[in-house]
Amino acid sequence: MSAHQTSAPLVPSEPVLPSQPTLSDVTIMMVDDEPMMTDVAQAYLEDAGYTRFVAVHEPLQAMDIARAQRPGLILLDLMMPELNGFDLLRLIRLDERLRYTPVIVLTAASDPASKLRALELGATEFLSKPVDASELKIRVRNSLAFKVYQDRLANDDPLTGLPNRRVFVEQLKAGLVRARYSHGTLALLHLNLDRFRQINDTLGHGTGDLLLVAVAERLRQTTRSTHSLLGQRLGDAPFLARLGGDEFALLMPDIPSPEAASRVARQVLDALSRSFHVDGQDVYLTPSIGISIFPDDGADDASLLRTAGVAMQHVKASGRNGVEFYSEKINTVSVERLLLETQLRGAIERGELVLHYQPKVDLRTGHIVGAEALLRWQHPTLGLVAPGRFIPIAEECGLIVEIGEWVIQRACAQLAQWRAEHRLAVRVAVNVARHSVVSGTLLDTTRDALQRHRVPARQLILELTESMLMDRVETTAAKLHALRALGVELSIDDFGTGYSSMSYLKQFPVQELKIDRSFVKGTPDDRTDTAIVRALVVLGHSLGMRVVAEGVETEEQRVAMQTLRCDCYQGFLCSPALPAADFIQKVREVNGQPARA
């Protein structure tokens with residue numbers, strides 16, 4: 001008899017998506033120097049329905065064959081010449097590819113010491129020769145069932161049931177081998193859910209988990225229909241996995257063209273744009289998708305994952321909800337963005353963040369009565385960095401709450417300095433980040449800043465957007481009432497661009513309404529914009545709010561706002577945002593004396 005006999009060719013096996021195997025799927029490897037013993041064991045197991053066997057009668061060949069075949073289970077004799085079963089068992093457990101393979105020891109050495117040694121070396125079961133057929137079948141069945149359970153723990157994402165990152169990387173490596181051999185093309189889609197952290201913070205992690213499960217199921221349904229999009233040349237089905245958190249990946253082997261990958265990505269965008277009904281409410285989200293192509297964008301798994309991730313991050317930085325192919329230009333932007341994130345993490349400690357103050361002018365008197373504090377980053381080499389460039393980075397990397405706390409502390413410190421040195425008592429408004437409201441830190445931060453710098457609470461205004469107010473209305477209203485109880489004022493920024501309901505709006509203790517500059521820009525020439533501003537002024541006044549027009553740049557706009565009975569304005573007509581010392585000078589130029597709140 002030959003050294004080994006097998007029903008499967010000796011070629012490196014490819015990773016298989018973990019699932020419940022049938023008996024015909026499982027390869028059982030039998031290592032015994034006596035061919036008659038492997039014949040008997042094979043006959044017993046064939047009777048139970050198993051069909052795939054590898055018999056090895058030369059122990060020195062066992063490891064090479066095991067690495068090539070990757071059997072589902074090994075039957076191992078202990079007493080063999082040249083290389084005994086104990087040494088083979090030790091080698092199996094040291095091999096990364098075979099470490100968790102079930103091993104049932106079959107041996108005539110049934111003494112307690114041999115059994116204990118085999119179990120210590122990692123044997124799954126221990127059976128004495130001669131083997132009872134029924135017992136062998138039961139031990140093999142139970143060992144394989146436990147192996148399936150282990151594989152699922154190791155290979156499946158426990159929340160969504162999708163393959164995990166490790167399995168995806170294995171599939172990607174196998175796909176690259178096939179693509180190189182056939183000179184084919186392979187596409188990798190890296191998908192990240194936009195603003196998912198915000199959904200988690202707002203609706204809770206339980207709802208967030210339910211949403212991830214729903215997203216996974218919709219992605220499954222979508223990828224099942226991608227064969228028609230990819231054409232007849234598609235050799236293998238797309239492989240979907242969850243990489244972790246709110247990140248998913250789709251592997252598309254043997255695509256006919258990059259355009260085919262783009263069509264699939266667009267289909268995914270469309271599928272995820274529909275609402276998800278989760279935990280009794282409709283939730284909307286969008287994905288950002290990056291695409292890398294083999295061989296153009298990477299020659300190995302790590303390179304393709306990196307380039308697809310870079311493309312995905314570029315989508316996020318460009319406004320989210322889109323698809324991008326990787327390119328060297330995108331890579332350059334990504335490197336610069338990563339550098340900015342790294343430098344931003346130490347900007348507060350290094351004293352690089354500063355506040356500039358844009359005057360707020362009373363339309364009746366023409367005096368400056370307040371200011372909006374606007375964040376700037378005084379970068380040591382880039383100069384003054386505008387917030388639109390670094391605030392999105394701060395939101396994505398989790399720095400926005402810390403920066404928001406610094407802004408409130410710094411604004412209160414500045415108010416205290418102005419009162420002490422210039423007898424100036426204006427109101428200063430600061431923009432509040434959504435994460436600060438959701439995290440629950442805003443109340444404590446505001447209270448601490450007012451007390452630490454001994455600033456009258458009425459001099460501090462907290463500005464929130466409409467969309468922030470509409471998130472979990474009852475909870476948000478309670479938090480805002482607690483803030484109002486401190487004595488600070490609350491303002492709705494960019495009003496008119498969101499989706500406020502009048503029934504909800506009256507629940508919030510808001511003192512100021514700021515009309516978005518997009519409506520102010522058209523006045524007085526645009527009749528529609530003028531009508532909208534008039535309506536918003538009436539609305540604000542009827543609710544007892546002060547109304548401020550943003551973005552006033554011309555004298556005609558100022559007169560229009562005054563005619564429409566706005567209370568205040570801010571914009572370049574008076575001044576852009578100024579450093580603290582220049583703001584003081586501007587107040588003196590306009591008012592002629594210190595302003596009073």
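The questions and answers that follow set computed values against the cut-offs behind the words.

Q: What makes this a model to be read with attention to confidence, and what is the average pLDDT of the chain?
A: The model is predicted, and the chain averages a pLDDT of 86, with 91% of the residues scoring at least 70. Among the elements of the chain, the lowest mean pLDDT, 40, belongs to strand β1 (residues 4–6), while the highest, 97, belongs to strand β22 (residues 568–570).

Q: Which contacts does the model show over residues 1–20, and how many are there beyond near neighbours in sequence?
A: Residues 1–20 have 51 contacts in the model beyond near neighbours in sequence, but the pLDDT over this stretch is below 50. Residues 231–235 also stay under 50, and for them the model has six contacts beyond four places in sequence. Where pLDDT is low, the predicted coordinates should not be read in detail.

Q: Why is T38 called buried?
A: The relative accessibility of T38 is 3%, and buried means under 20%, so T38 counts as buried. T38 has its place in helix α1, and, leaving aside neighbours within four places in sequence, T38 is in contact with M30, D32, A55 and H57.

Q: How do you know on which side or sides of α1 the buried residues lie?
A: The buried residues of α1 are T38, A41, Q42 and L45; because they cover an arc of only 100° around the axis, they are on the same side of α1. An α-helix has 3.6 residues a turn, so residues three or four places apart point the same way. On the other side of α1, M36 and D47 are exposed.

Q: How do you know what span to expect of α5, and what do its end C-alpha atoms show?
A: Helix α5 (residues 133–155) has 23 residues, which at 1.5 Å a residue should span 33 Å, and its end C-alpha atoms are 32 Å apart, which agrees. For α1, with 13 residues, the reach from first C-alpha to last is 18 Å, close to the 18 Å expected at 1.5 Å a residue.

Q: What makes D132 a cap of α5?
A: A side-chain oxygen of D132 lies 3.2 Å from the backbone nitrogen of S134, and in this way D132 caps the N-terminal end of α5. The cut-off for such a polar contact is 3.5 Å, and the 3.2 Å of this pair is within it.

Q: Which residues of α5 are buried, and what do they pack against?
A: The buried residues of α5 are A133, L136, V140, S143, L144, K147, V148 and N155. They pack against β2 (27–31), α1 (35–47), β4 (73–76), β5 (103–107), β6 (125–128) and α6 (165–182).

Q: Why is E82 called exposed, while R195 and D111 are called partly exposed?
A: The relative accessible area of E82 is 64%, and exposed means over 50%, so E82 is exposed. E82 is found in the loop between β4 and α3 (85–94), R195 in the loop between β7 (186–193) and α7 (196–203), and D111 in the loop between β5 and α4 (112–120).

Q: What is to be noted about the phi of E82 and of R195?
A: E82 has a positive phi of about 70° although it is not a glycine, and R195, also not a glycine, has a positive phi of about 55°. The residue that follows α1, G49, has a positive phi near 110°.

Q: Which residues touch the most other members of the largest nonpolar core?
A: Of its 79 residues, W418, L462, I515, M561 and F583 touch the most other members, and helix α14 (residues 400–422) gives the most to this core, with nine residues. A second, separate core has 31 residues, including A187, L212, V215 and L250.

Methods
Residues numbered from 1 in each chain as written. Predicted model: local features only at pLDDT ≥ 70, side-chain atom pairs only at ≥ 80, totals over all residues. Heavy atoms only, no water. Helix = DSSP H or I, 4+ residues; strand = E, 2+ residues; numbered from the N terminus. Expected span 1.5 Å × (residues − 1). Buried < 20%, exposed > 50% of the residue type's maximum accessible area, 1.4 Å probe, protein only. Contact = heavy atoms within 4.5 Å. Polar contact = N/O pair within 3.5 Å; in protein donor to acceptor, adjacent residues only side chain to side chain. pLDDT = per-residue confidence, 0-100. Core = buried A, V, L, I, M, F, W, Y, C linked by side-chain atoms within 4.5 Å. Arc of directions from axis to C-beta.
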